[in-house]
Amino acid sequence: MRRPFIAGNWKMTQDRRSAVALAEGVSRQAAGLSGVDVAVCPPSCYLDAVATVLANGPVGLGAQNMYHEPNGAFTGELSAAMLLDLGCRYVILGHSERRHILGETDADVNKKVLAALAAGLTPIVCLGETLPEREAGKTLDVIRTQFSGSLAGLGAAEFQKIVIAYEPVWAIGTGKTATPEQAEEVHADLRRIMAECYTAPVAESVRIQYGGSVKPDNAADLLSQPNIDGALVGGASLKVDAFMGIVVHAVG
Ligand code: PEP
């Protein structure tokens, strides 16, 4: 049985005060919920402040990115060990904004995934097709390529520690959500790819979040699909009530 997992990606938003207030609100409302994992991923400069708010509470802390090297002359970068030191349990890797705006490749994502796992962080690995790719009927090819490139070299035990986020690029921040059927089709394909690369029990154990304009009013339909195990939420994670309005639909 896969435990649902809802994570908020705050992207490059907030200031210290609003980040702390948002974290306080989420932590307060998540107290007492059971049967669901909840995490927030603030900008890295506010990880420390948010970690203080979340300490000993039910909400996990995640970063939005990291570098694969353990330390050294890599100006502006943060290592997995630094994120752990700040209290992170999760790190989002290969988000489409990093792939498409900042030029991250599957090989870059792969190095980060391996480094995150080696350090003890749980990577949330994002995959997803663009609109032209979907319209050209290439969704499954794109997903397969990103899957094998971003997750190369992982043994079954390591693979079972990751979370995958299927995020169709055309649905991120656009207000256009994949229908539950469109999302489920890709999630089921991903589950099959996982079973081919590992085993059916391994594939059954790994959580696949959906991401792309998830809101309180579409969350129930998406989260009721058999292969959708949670959500990676951008815009709607920036308001406590909207985020928790999604979380409640994941509670078992
Ligand atoms: C995201 O950033 O991962 C995302 C899914 O954003 P939004 O919910 O705003 O589409």
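First, a cut-off I need for my notes: I call a residue buried when its relative accessible area is under 20%, and exposed when it is over 50%. I also keep in mind that this is a predicted model.

**Entry 1, Lys-112.** I started in helix H5, residues 106-119, where Lys-112 sits. Is Lys-112 buried or exposed? Its relative accessibility is 6%, so Lys-112 counts as buried. I then looked for its partners. Its side chain meets that of Glu-104 in a salt bridge, 2.7 Å from N to O. Glu-104 has a relative accessible area of 10%, so this residue is buried as well. The Lys-112 side chain also makes a polar contact of 2.8 Å with the side chain of Asn-65. Leaving out residues up to four places away in sequence, I found that Lys-112 touches several others, including Met-66, His-68, Leu-93 and Arg-98.

Searching the whole structure for salt bridges gave me 12. Which residue pairs with Arg-3? I found Asp-37 there, with the closest N and O atoms 2.6 Å apart. Arg-3 is in the segment before strand S1 and Asp-37 is in strand S2 (residues 37-41), so the pair ties together parts 34 residues apart in sequence. Arg-3 is partly exposed at 40%, while Asp-37 is buried at 18% relative accessible area. Asp-37 also meets the side chain of Arg-207 in a salt bridge of 2.8 Å, N to O. That pair links distant parts of the chain, since Arg-207 is in strand S7 (residues 207-211), 170 residues from Asp-37. Both Arg-207 and Asp-37 are buried.

I also noted a salt-bridge network that links Arg-2, Arg-191, Glu-204 and Asp-229.

Which residues come nearest to the ligand? Of the 14 around it, I listed Lys-11, Glu-167, Gly-173, Ser-213 and Gly-235. By class, the shell has 4 nonpolar, 8 polar and 2 charged residues. I checked some distances to ligand oxygen atoms. A backbone N or O atom of Gly-235 lies 2.8 Å from one, a side-chain N or O atom of His-95 is at 2.9 Å, and one of Asn-9 is at 3.4 Å. The protein covers 97% of the 290 Å² of accessible area the ligand has on its own.

Last, I looked at helix H7 (residues 139-150), which holds Leu-140. Leu-140 is partly exposed at 35%. Its C-alpha atom is 22 Å from that of Gly-173.

Definitions and conventions. Residues numbered from 1 in each chain as written. Predicted model: local features only at pLDDT ≥ 70, side-chain atom pairs only at ≥ 80, totals over all residues. Heavy atoms only, no water. Near = heavy atom within 4 Å. Polar contact = N/O pair within 3.5 Å; in protein donor to acceptor, adjacent residues only side chain to side chain. Areas by Shrake-Rupley, 256 points an atom, 1.4 Å probe, with all protein chains shown as cover. Nonpolar A, V, L, I, M, F, W, Y, C, P; charged D, E, K, R; others polar. Helix = DSSP H or I, 4+ residues; strand = E, 2+ residues; numbered from the N terminus. Buried < 20%, exposed > 50% of the residue type's maximum accessible area, 1.4 Å probe, protein only. Contact = heavy atoms within 4.5 Å. Salt bridge = Lys/Arg side-chain N within 4 Å of Asp/Glu carboxyl O.
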